[in-house]
Amino acid sequence: LKLCNRGKMSGKDRLNVFPSRMALAQMKIRLKGAQKGHSLLKKKADALTLKFRQILSKIIESKTLMGEVMKEAGFSLAEAKFAAGDFSHGVLESVDRAKCKIKTQKENVAGVALPIFEPFIDGGDTYELTGLSRGGQQVQRCKEVYKKAIDVLVELASLQTSFVTLDEVIKITNRRVNAIEHVIIPRIQRTMTYITSELDEMEREEFYRLKKIQEKKKQQKKKQEAELGLKLASQHGDKGPKDIFDKTEDEDILF
């Protein structure tokens, strides 16, 4: 039965350790550490999930706003072209480098760095004379609307990048939480059960061994006492020791 239990508890069911008091103490420390790690990872997963849902709601709002802004930008471009004519060739010819640039920052959420993109204008406006002859108001409104569209696009890109990053981190964290909860902690607990059962079995074997030793000692003591009695009896003869109260007369002693 003991060999069967050892066979059942071997392999992946428990850790391969030698059953001892020190191993049991180490398993208790490891179990406490695993439970603490599980609690921390669970809190981290909850915080990331909360942030994930907030970003998801912001993405929905940004996409809705994006549709409205792009529709407004399309109408404003049509109005500007109608009022000032086709000015796209002049704009393309005056472009030498990008004016609207993006800078990246990091936001720390439960130990996870989420990228944040922010647009900024580098340099002055090289298209300020566009629409000077006619349609200047429409061209200016078109620039403002498209700048707003760029801001919304950059914000949406930042949100979607954070969304993808959080999605991967949440999956990894949940896998770790499940591994600790369903694999590591049960394996340590089964190892502790195995060590406890082995120590109990060792104590029973030791108690049985001591009991047998005591019985052997008692038997040897009885045997020694019996041998000593036989030896004394043989020394005094078959009649045994004389009784001092015996009334029989002793023989006279001649000096």
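User: How many bridges join β1 to β2, and which way do the strands run?

Analyst: Strands pair if DSSP finds at least two bridges between them. Here 10 bridges join β1 to β2, and the two run antiparallel. Helices (H or I, at least four residues) and strands (E, at least two) are DSSP runs, numbered from the N terminus. This is a predicted model, in which local features need pLDDT of at least 70 and side-chain atom pairs count only at pLDDT 80 or more, while totals for chains, interfaces and linings use all residues. Residues are numbered from 1 along each chain as its sequence is written, and side-chain values use heavy atoms, with hydrogens and water left out.

User: What lies between β1 and β2?

Analyst: Two residues separate the strands, which form a hairpin. The loop runs between β1 (100-109) and β2 (112-121), and A110 sits in it. A110 is not a glycine, yet its phi is positive, about 55 degrees.

User: Which residues does K51 touch?

Analyst: Contact means heavy atoms within 4.5 Å. Not counting residues up to four places away in sequence, K51 touches E107, V109, L114 and L166. K51 belongs to helix α2. Its relative accessible area is 16%, so K51 is buried.

User: How many aromatic pairs does a search of the whole structure find?

Analyst: Rings of Phe, Tyr and Trp (its six-membered ring) pair if their centres lie within 6.5 Å; planes under 30 degrees apart count as stacked, over 60 as edge-to-face, the rest as tilted. The search finds one pair. The ring centres of F52 and F163 are 4.5 Å apart and the planes are at 25 degrees, so this pair is stacked.

User: Where do F52 and F163 lie?

Analyst: F52 is in helix α2 (residues 21-84) and F163 in helix α4 (residues 136-236), so the pair ties together parts 111 residues apart in sequence. F52 is buried at 17% relative accessibility. F163 is partly exposed, at 24%.

User: How many residues are in the largest nonpolar core?

Analyst: A nonpolar core is a set of buried Ala, Val, Leu, Ile, Met, Phe, Trp, Tyr and Cys residues joined through side-chain atoms within 4.5 Å. The largest has 15 residues, and M27, I188, M192 and I195 make the most contacts inside it. α4 gives the most, with eight. A second, separate core has 12 residues, including F52, I59, V109 and L159.

User: What does I195 contact beyond four places in sequence?

Analyst: I195 is in contact with V17, P19, S20, A23, L24 and M27. P19 also lies 9.0 Å from S197, C-alpha to C-alpha, though they are 178 residues apart in sequence.

User: What does the side chain of S197 reach?

Analyst: A polar contact pairs N or O atoms within 3.5 Å; within protein, one must be able to donate a hydrogen and the other to accept it, and residues adjacent in sequence count only if both atoms are side-chain atoms. S197's side chain reaches the backbone oxygen of Y194 at 2.7 Å. S197 sits in helix α4 and is partly exposed, at 36%.

User: What is the mean pLDDT of the protein chain?

Analyst: pLDDT is the predictor's confidence in each residue, from 0 to 100. The chain mean is 78, and 76% of residues reach 70 or more. Over residues 1-8 pLDDT is below 50; this stretch has seven contacts beyond near neighbours in sequence. Where pLDDT is low, the predicted coordinates should not be read in detail.

Technical notes. Buried means under 20% relative accessible area, exposed over 50%, partly exposed in between (1.4 Å probe, protein chains only).
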